[in-house]
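Please keep the sequence and the coordinates at hand while reading.

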Amino acid sequence: MTRFEIDADGWASGAERMPSPNFDRRAEGTAIDLLVIHNISLPPGEFGGPYIAELFGNRLDCDAHPYFDRLRGMKVSAHFLIRRDGSVIQFVSAGDRAWHAGASSFCGRERCNDFSIGIELEGTDFDPFEPLQYEALAALTSALRLRYPITDVSGHEYIAPGRKTDPGPFFDWERYRKSLIQKESCSTPATPSLRFPCAD
């Protein structure tokens, strides 16, 4: 299983780097303390193609599939994508602000992009995620928590209720929690407990 280390510039070793232009700088002194878990597939329900990376890189041919017409002009990104096989692509430095959450609120704080890291899992609201995705997510979470003061993790559905539904009912929060505990039991230095979803 790939191990990750986050360097001082916010880039992860062990992840393929595909820089996106869709980011900006965080405000000086912002504490990066939230992870947001998403799911994505393009076209919906289809896995393994190049389209997610092309969307985040502003290279998507919107004539390639009828669904893509609604994505014309959209400029979005996440920090990371975890593919079905557990491989990881990084699009934005974790130190910068990716454009993944949109209008959002976490426990009374608005604009979650300002203080969060967005991780997309290749998947849907209607399919179980793969064991290798949970393993990669736990390993990446552990590495990020050694670099940033991350205290909470949430799903997109909890920070944008009524607008978003991901990662959806097939995301196994307990499996993720247990896998992370196992990873972090071997971490040095020890990291504080991670709080799981908090809905407003």
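Which side chains meet in a salt bridge at 3.2 Å, N to O? In this predicted model, the side chains of Glu174 and Arg177 form that pair. Glu174 and Arg177 are three residues apart in helix α4, and so about one helical turn separates them. With a relative accessible area of 37%, Glu174 is partly exposed, and Arg177, at 31% relative accessibility, also counts as partly exposed.

Because Arg84 lies in the loop between β6 (80–82) and β7 (88–90), while Glu130 lies in the loop between β11 (116–122) and α2, the pair ties together parts that are 46 residues apart in sequence. Arg84 is buried, with a relative accessible area of 16%, whereas Glu130, at 33% relative accessibility, counts as partly exposed. The other example is the salt bridge in which the side chains of Asp152 and Arg195 meet, at 3.0 Å from N to O. This pair links distant parts of the chain, since Asp152 belongs to strand β12 (residues 152–155) and Arg195 to the segment after α4, 43 residues apart. Asp152 counts as buried, because its relative accessibility is 6%.

The packing of helices comes next. Helix α2 (residues 131–147) packs with helix α4 (residues 173–184) at an angle of about 50°, their axes being 9 Å apart, and this angle makes α2 oblique to α4. The crossing in which α2 passes α4 is right-handed. On the α2 side, the residues making the contact include Pro131, Tyr134, Leu137 and Arg145, while on the α4 side they include Arg175, Tyr176, Leu180 and Glu184. The residues of this contact divide into seven nonpolar, three polar and five charged.

Helix α2 also holds Leu144, which counts as buried because its relative accessibility is 0%. Leaving aside residues up to four places away in sequence, Leu144 touches Ile6, Leu35, Phe80, Ala94, Ile117, Ile119 and Ile150. By contrast, Lys164, which is 20 residues from Leu144 in sequence, lies 25 Å from Leu144 in space, C-alpha to C-alpha.

Key
Residues numbered from 1 in each chain as written. Predicted model: local features only at pLDDT ≥ 70, side-chain atom pairs only at ≥ 80, totals over all residues. Heavy atoms only, no water. Axes fitted to C-alpha atoms, helices over the stretch in contact; angles between N-to-C directions. Helix = DSSP H or I, 4+ residues; strand = E, 2+ residues; numbered from the N terminus. Parallel < 35°, antiparallel > 145°, perpendicular 65-115°, else oblique. Left-handed = near helix turned anticlockwise from the far one by under 90°. Contact = heavy atoms within 4.5 Å. Nonpolar A, V, L, I, M, F, W, Y, C, P; charged D, E, K, R; others polar. Buried < 20%, exposed > 50% of the residue type's maximum accessible area, 1.4 Å probe, protein only. Salt bridge = Lys/Arg side-chain N within 4 Å of Asp/Glu carboxyl O.
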